[in-house]
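Here are some notes to read alongside the structure. Keep the model open and find each residue as it comes up.

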Amino acid sequence: MEEQQQPIHNNISNNKLRNCHPLLSGGTRKTEKYTHGLSSSQIQSLTAICETFIPPLQSNSVNPDVTSFFNASASQPPLPNEVAEVLVNKGVPQGVALVKTLLKVLSFRFGTLLLCGFSAIDWNFPFVHNFSEIPLEKREKILQRWSKGNFLPFRLFFLITRLFTIFTFFATTDDNFENPAWKAMGYKVDDRECKKHQKERPLEKGIIEMVNENDSTFIHSLTQKGLQVTQDHHQNLYKIKCDVVVIGSGCGGGVAAAILASSGQKVLVLEKGNYFTAQDYSSLEGPSLSEMYEGGGFFVSNDGKMIIFAGKTVGGGSAVNWSASFKTPDNVLKEWALDHKIPLFGTSEYQYAMDEVCKRIGVTYKCTKEGFQNQVLRKGSENLGLDVEFVGKNSSEDHYCGSCSYGCRTGDKKGTDTTWLVDAVNCNAVILTGCKAEKFILSVDDNQSGTREKICSGVIAKSLYGNITKKLQIEAKVTISACGTLNTPPLMIASGLQNPNIGKNLHLHPVAMVWGYFPEDKTSYEGKSYEGGLITSMHKVVSSGEVRAIIQTPAMGPAAFSASNPWISGKDLKERMLRYSRTCTLFTLVRDKGWGTVKTEGIVKYRLDQIDKENLKLGLRQALRILVAAGAEEIGALHRSDGQRFKCKGAREEDLEEFLDKVSKVDPATISRISTYKEWKWSFTL
């Protein structure tokens, strides 16, 4: 394999962003080698694929930024190697294997002839060409055929390479935090600074970061914070004793740690992610997703239908949430208490607990100034006579931050990393970052009734960094698994628990998205699509007295937006991206009746129920009507691979209705697969 050079983080010159954490910075590497393992011939094929998705084009614009963007190509170094690196390290293994195989086949002439047919042939010697030798126009037609064909491996290859190529192109930055597309798109990275600069990090006195430890320092760091530690050289273990071990530092783990630590218990929190503060955040989409989300922002279900966003950092989802903070609805509490026979949810104690949590994280229910997307949602709903509500958020009423999904740079949003975990470490709790739980320590106990029960007495964990060579055996009176629905079931199964219900009934609240374009010179809405509070308004879609869906606004950075859009051609994609800053995206979310399973770490199986499909369809239609009522010039849906769009000005009602029927059409027989003929059904979960 040919060794390649890869970007590093250095020489960042943007004064307001230069002090961000190195893991969250952009820039180019100069020293480290790539680890993707692709051969030079595979990279050559991938380079041709990258160029096909995002080709260099001529522009008639007098704007030099637009001209520069159109001239840029995803084939320019080091982008193909960057795409390969992200694909191999973040992609689903089966998909990665498929891509590697087809890239190898496409590097040979007769392999290309087999996959591409007559497109690989011309009258010039050597007559049959490999993929990289085929003219760009022909390559574009090949990818268009593969995106709509019936042969599943071709569709998968198209989907995977398209996703990683387009995302990487729009997420990659140089040493100055710049991207060749951003100025043309009207995009600017949030460079606001923290409102309250703190000399010491909020969790400093309780945090131990495994990335900074080694075998010679680790024991001292633990004992310094009041933990009992011994070494077991025979088993190659560090044995750590505490009263309570909590796995996960998010909404559940943070609260549990604080309450138990305040009662006098010695609490140890395990978090596999890293610790970042407001001063560390860069608001850069690529590195932020990579470091602070499960799967680096590419966590997908096993069939590729569902993209799942879940936090992986100190504070968990509360550190990267879109600020929206909901109390459990009354109808859901009633269902849990009565139908599922869990009486706690019907008590005043549970209501009190929700109130206390909201109080501690500073939930507010008004918004001084709404961002562009929420202005559109509110105005469109009001024009249709629909109810639209303010959404509670764990930030102040004047919070105007469009990048909280990458960590709140202003420090105004209050996650567990700045609230409950601070309370915990003030009561001598300890937080281990970069530390992953592997299995519970279980033993069998014969109780007085004569039955045998399994007792949990702690957890076996490991450092995610090679500088600590021993595993951790954490012995505790109480073990709390608060690592979420994606990680707790696999942990239970890996520990030897065999209840067949573990990992079942996974609900993800699937989402589908629509868009509307609002030219700045023709509409009165202020701001850009990426500015302002992420979710401040909400419309509930009600039918027959039942909430069937809710409509809100998402966080969509340039890379996520570009990768979510259908790819028709390189020219079409670039033209869409020029409208990014004034394109309003709405999502419709349903409470799914269908469910999935998660029994192995990183592998989620999920399928929508028929009623979920109908509710998504109902929500999509309503969201599109809201965009029309708000004055959109053009509308469309992101789940359609055929790129259908509708010009709103002067359109007749029957034409709009016909478009709504087409764009929301879902084939029940094929919805559970990666794709249908001429259509992809993308879903997201937050």
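The points below go from the whole chain to a few local features.

1. This is a predicted model. The protein chain holds 21 helices and 20 strands. Its radius of gyration is 26 Å, close to the 26 Å that the globule rule gives for 686 residues, so the chain is as compact as a globular protein of that length. The C-alpha trace spans about 80 × 65 × 55 Å along its principal axes.

2. How much of the chain is buried? Of the 686 residues, 56% count as buried. The protein chain exposes about 30000 Å², and carbon and sulfur atoms supply 52% of that area.

3. Contacts across the sequence deserve a separate remark. Take the contacts between residues at least 6 apart in sequence: 73% of them join residues at least 24 apart.

4. Helix α2 covers residues 64-71, and V66, F69 and F70 are buried in it. Seen down the axis of α2, these buried residues fall within an arc of 95°, so they line one face of the helix. What does that face pack against? The buried residues of α2 pack against α7 (152-171), α8 (182-185) and α19 (570-578).

5. The start of α2 has a contact of its own to look at. There, a side-chain oxygen of N63 comes to within 2.8 Å of the backbone nitrogen of D65.

6. Strand β13 (residues 537-543) pairs with strand β7 (residues 389-390) in the antiparallel sense, over 2 bridges. In this pairing, E389 has M538 of β13 as its bridge partner. Strand β13 is also joined to strand β14 (residues 546-552), again antiparallel, by 5 bridges. One of the residues to check here is H539, whose bridge partner in β14 is I551.

7. Strands β13 and β14 form a hairpin with 2 residues between the strands. Which residue of this hairpin takes a positive phi? It is S544, with a phi near 55°.

8. K272 lies in the loop between β4 (267-271) and α11 (285-292). Its side chain makes a polar contact of 3.0 Å with the side chain of E294. Leaving aside neighbours within four places in sequence, K272 is in contact with E294, K312, G434, C435, K436, L464, N487 and E601.

How values were computed. Residues are numbered from 1 along each chain as its sequence is written. This is a predicted model: local features need pLDDT of at least 70, side-chain atom pairs count only at pLDDT 80 or more; totals for chains, interfaces and linings use all residues. Side-chain values use heavy atoms; hydrogens and water are left out. Two strands pair if DSSP finds at least two bridges between them. Helices (H or I, at least four residues) and strands (E, at least two) are DSSP runs, numbered from the N terminus. Buried means under 20% relative accessible area, exposed over 50%, partly exposed in between (1.4 Å probe, protein chains only). The arc is that of the directions from the helix axis to the C-beta atoms. Contact means heavy atoms within 4.5 Å. A polar contact is a pair of N or O atoms within 3.5 Å; within protein, one must be able to donate a hydrogen and the other to accept it, and residues adjacent in sequence count only if both atoms are side-chain atoms. The radius of gyration is taken over C-alpha atoms; the globule rule is 2.2 Å times the number of residues to the power 0.38. Accessible areas come from the Shrake-Rupley method with a 1.4 Å probe; for residues, only the protein chains shown count as cover.
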